[in-house]
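Biologist: I have the sequence and the model open. Can you walk me through one part of it?

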Amino acid sequence: MTSRVFTMQDQENFAILSGDSNPMHVDAIQARRYLFGRPVVHGIAGVLWGLDTAIRTEASFRLTSLSARFISPILVGDPVTLVIEKQEAGSLTLGLEVGGSVCTRIEVAWQSGPDAASIDLPNSPVLRPIMKEPAIAALEGVSGKLLLFLDMGLCRRLFPTLADLVFLPQLAQILATTRLVGMEVPGLNSIFNELKMRFSPPERDVDSVSYSVRKLYPKFGRVSLALDGPGVEGRIEASYRPAPHRQPTSTELREQVDAGRFAGQRALVVGGSRGLGEVTAKLLAAGGAWVLITYNQGAQDARRVLMDIDESGSAGHSRCRLDVGSPEESLPSAVTEFSPTHIYYFATPHIGGGRAGPFDKAKFERFCEIYAYGFHRLLTNLPMASPGPIHVLYPSSIYLDEPETGMQEYAAAKSAGETVCTYLMGARSDLKIHRHRLPRLSTDQTASLIARENQDPVSILLPILTRMAATDP
Amino acid sequence: MANHEKLTQIFREIMEDESLVLRRDLKADQVEKWDSFNHMNLMIMIEEEFGVTVDPTDVDKMRNVGDLVDILNAKGCEIAL
């Protein structure tokens, strides 16, 4: 067995080699808003690492077939283990495992072949690949051709065995498949599910690979592609993944909120750069509150939210960075000097979901760091300069009442947070904490490949905010 | 072929397990290859083989094979399981 961790530098290198610079692979800030919450290793990078590591031959070879199933994502930073599941002369079945679960399964066959001494392909693309974002309905009958390129210097650094021994045009063709899925079809909001390639001696120079949309399943966001080129034919299965969820604009929300509903509030919205925090910040501003939004990584998102609020005619709000999960960081002066009358705590790590399994202590700790420790630290360290109690919204979860597969650690951490609320209110007369077990609401965090019935955040949050405001003296 | 045999064959083909036996309380986490990708493959093949339309929100509500069978029987598939 061999293990490694893919880093962001690995991602950048592979993006150059393959031409697939989809942000889900190379942009940590953007990737946090996508389905998996963190950058995902290119599936084909894992495949080529597996082949480069496991194929043990000293003679040049040519692939005859390659199949890969991308069962679940390999995230940047996670230790990946290569397992040889089956080995015969000229063929291998490999598994790439994270945490003991197979994420990628690879079947490959090869035979001895010509020397890969030289390759008559450009070192880099003639034109820089441009990210496309086609709607699935627009893919009917679509076809195209990808010109191949191969940076041999970079290839030797990343995959030394393959660079020396494999029939190099095949390597260029395999690399083209991730560029096809990640940049063309489906493009921006894509998931590479499965690849099947069959290779034969090419009848002409290998300079390109053609593709065509074979079948579409719009209801399920599934695209089936046929591959065809000199010495290769195959199939790709890909899916659309949900785009970052767009919350209503401030202008839209102003129609639902009385102008003075939240007047007089100095509202600290922790985690206000997206999701429920974003909706809350916009509602409060629409109702006349003075809002300070905090963010951890989403500086651009926070700026976007404030610009949106500003465009609706409500100015004077602000943002600042705050990492509630970092005990060594002191509270920024923008927060301590704000003297909030109301605190809306929407800080959250990536939640995800998952299959049933043993209780994951590390996952539970990660959630508690924000939902319990971070919450307690904030309320303990924040000077409460306002007269009268500070009203705090602590959003808990319906999963405490209605268990959901894969959410036990999240629910347990929210339960711990609720207990923190109880103890804080018992110890401090200056705090009034409003706990609400919220249902599934439409945000990036609840995005799923399988359509789910999520409720509208505004319909749930606005009554809560209104009731909180009604308890103000 | 009876419809429950057809459904069993679909599961066996997609999950790549010729020994798989369907029962109403069988869940995804009890079948090795029943992941989200294969769940979609199941729905696609069921639509094609049974000639029915599966609502994506119904897909989310399925907790086990029994839920799936009930949804299909509501569409007239007459699967005895």
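Modeller: Start with helix H10 of chain A: its buried residues pack against helix H8 (250-254), H9, S12 and S13 of chain A. Buried means under 20% relative accessible area, exposed over 50%, partly exposed in between (1.4 Å probe, protein chains only), and contact means heavy atoms within 4.5 Å. Helices (H or I, at least four residues) and strands (E, at least two) are DSSP runs, numbered from the N terminus.
This is a predicted model, where local features need pLDDT of at least 70, side-chain atom pairs count only at pLDDT 80 or more, and totals for chains, interfaces and linings use all residues. Residues are numbered from 1 along each chain as written, chains are lettered from A and ligands numbered from 1 in the order written, and side-chain values use heavy atoms, without hydrogens and water.

Biologist: Which residues of H10(A) are buried?

Modeller: A:Asp301, A:Ala302, A:Val305, A:Leu306, A:Asp308 and A:Ile309. They cover an arc of only 155 degrees around the axis, so they sit on the same side of H10(A). That arc is taken from the directions from the helix axis to the C-beta atoms.

Biologist: And which are exposed on the other side?

Modeller: A:Gln300 and A:Glu311.

Biologist: What comes after H10(A)?

Modeller: A:Gly313 follows, with a positive phi near 100 degrees.

Biologist: Now S12(A). Mostly covered or open?

Modeller: Mostly covered: in strand S12 (residues 290-295), 5 of the 6 residues are buried.

Biologist: Which strand do 4 bridges join to S12(A)?

Modeller: S13 (residues 318-321), which runs parallel to S12(A). Strands pair if DSSP finds at least two bridges between them. A:Leu292 has A:Ser318 as its bridge partner in S13(A).
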